[in-house]
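Welcome, and thanks for taking a look at this one with me. Please open the model in your viewer and keep it at hand while you go through the briefing below.

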Amino acid sequence: MKDHWRPMFQAWSGLARPVSVASEVIAAIKAEVSSITGRILLLGTTAGLLQTGRNLTAIDRSAELAQNARQSAHVAAVAGDWAAMPFSKASFSACIGDGSFISLDYPHRLTRVLDEIARCLTPGGTLACRVFLRPDVPETVGELLTAAKAHRLSFQHFKFKFAMAVAPDLGSHTTIPIAALPGRFDAEFPDRGSLAARTGWDRAEIDTIDIYRASRSKYSFPTRTQFLDALPAKLILRKIRPVEGHPFGQEWPIVVLDRKIDD
């Protein structure tokens, strides 16, 4: 399996409490492009973002997810590579996404995709995307478990922070092979039933981590400084907006970039 996203989405939708992007995240991203009247490009097919603006086009590397977006949300959606998008130069006034850069190898693939977004944006256009940034000093697995037992971490939040914590053991502080996560998770937590009891997490949701085992994808968690260092010259930082009301709104903010007007 090259990509874990489709089976993961399916598993999330079947849980007793289906997993979805927090409403405050969706609202924060939409707010950054609320005044845009031109075309908007969506990276991926995040359900809450499909109805952004009046003229939105989604692009996902999965043809099936693109087709689902066309059928369920009645929006334009195409399958394609974000590093070589099938759009002409300056086609869009804005580009949005939620966590869209998490599967891009740092720094080269990230910079390449950002360059391609810049090509597709009109001069002065806006890119607004939530990014999963790694703290300069990530929490330890023990600290994360303590927070989870105190009900301060959902399993989805724990999973990303766990990946950040064990990344050095898997070969890199920034980019890790997703397929290695379940084994590392099992080494730390061999009794998932006990873990569910101690944290209050749904055992079925915990088990969704097994979907990673066959994935060829990677997760990248740059620090804030590292992410900004990867920006191409055509994109200028306007602001980093924390997501109000989200437990990790400061660590995983909305990054807002502007397409340089003259280059």
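In which helix does Glu205 lie? Glu205 belongs to helix 9, which covers residues 203-206. Please bear in mind that the model is predicted.

- Beyond residues up to four places away in sequence, Glu205 touches Leu15, Val19, Phe155 and Gln156.
- Pro18 is 187 residues from Glu205 along the chain, yet their C-alpha atoms are separated by 9.1 Å.

**Two residues of helix 6**

- Helix 6 spans residues 155-166, and both His157 and Phe160 are found there.
- Is His157 buried or exposed? His157 counts as buried, because its relative accessibility of 18% is under 20%.
- With neighbours within four places in sequence left aside, the contacts of His157 are His246, Pro247, Phe248 and Trp252.
- Phe160 counts as buried too, at 12% relative accessibility.

**How the helices meet**

- Two packed helices can be described by two values, the angle between their axes and the distance between those axes.
- For helix 6 and helix 7 (residues 181-188), the axes come within 11 Å and cross at roughly 95 degrees.
- That angle falls in the 65 to 115 degree range, so helix 6 and helix 7 are roughly perpendicular to each other.
- On the helix 6 side the contact is made by Phe155, Phe158, Phe162, Ala163 and Val166, and on the helix 7 side by Leu181, Arg184, Phe185 and Glu188.
- By class, the residues of this contact between helix 6 and helix 7 are 7 nonpolar, no polar and 2 charged.
- Helix 5 and helix 8 (residues 192-199) have axes that come within 8 Å and cross at roughly 55 degrees.
- Helix 5 and helix 8 are therefore oblique to each other.
- Leu145, Ala148 and Lys149 of helix 5 meet Leu195, Arg198 and Thr199 of helix 8.
- The contact of helix 5 with helix 8 has 3 nonpolar, 1 polar and 2 charged residues.

**The cavity**

- How many cavities of 30 Å³ or more does a search of the whole structure find? The search finds 1.
- The volume of the largest cavity is about 90 Å³.
- Residues lining the largest cavity include Gly99, Phe101, Ile102, Leu104, Tyr106 and Leu110, and also Val131, Phe132, Leu133, Ser220, Pro222 and Phe227.
- The lining of the largest cavity comprises 10 nonpolar and 2 polar residues, with no charged ones.

**Backbone details in the loops**

- Pro107 sits in the loop between strand 4 (92-98) and helix 4 (108-120).
- Ala90, in the loop between strand 3 (76-79) and strand 4, has a positive phi, near 55 degrees, although this residue is not a glycine.
- Ala90 is partly exposed, with a relative accessible area of 33%.
- His151 is another residue other than glycine with a positive phi, in this case near 65 degrees.
- His151 lies in the loop between helix 5 (141-149) and helix 6, and counts as exposed at 58% relative accessibility.

**Phe87, in the loop between strands 3 and 4**

- Phe87 is placed in the loop between strand 3 and strand 4, and at 12% relative accessibility Phe87 counts as buried.
- Apart from neighbours within four places in sequence, Phe87 is in contact with Leu41, Thr57, Ile59, Val78, Phe92, Arg119 and Cys120.
- Phe87 and Cys120 are 33 residues apart in sequence, and their C-alpha atoms are 6.7 Å apart in space.

Terms used. Residues numbered from 1 in each chain as written. Predicted model: local features only at pLDDT ≥ 70, side-chain atom pairs only at ≥ 80, totals over all residues. Heavy atoms only, no water. Axes fitted to C-alpha atoms, helices over the stretch in contact; angles between N-to-C directions. Helix = DSSP H or I, 4+ residues; strand = E, 2+ residues; numbered from the N terminus. Parallel < 35°, antiparallel > 145°, perpendicular 65-115°, else oblique. Contact = heavy atoms within 4.5 Å. Nonpolar A, V, L, I, M, F, W, Y, C, P; charged D, E, K, R; others polar. 1 Å grid on protein atoms, 1.4 Å probe; cavity = no way out; pocket = protein on both sides within 12 Å on 5 of 7 lines; lining within 4 Å. Points joined across faces, edges and corners; volume = space filled by probe spheres on them. Buried < 20%, exposed > 50% of the residue type's maximum accessible area, 1.4 Å probe, protein only.
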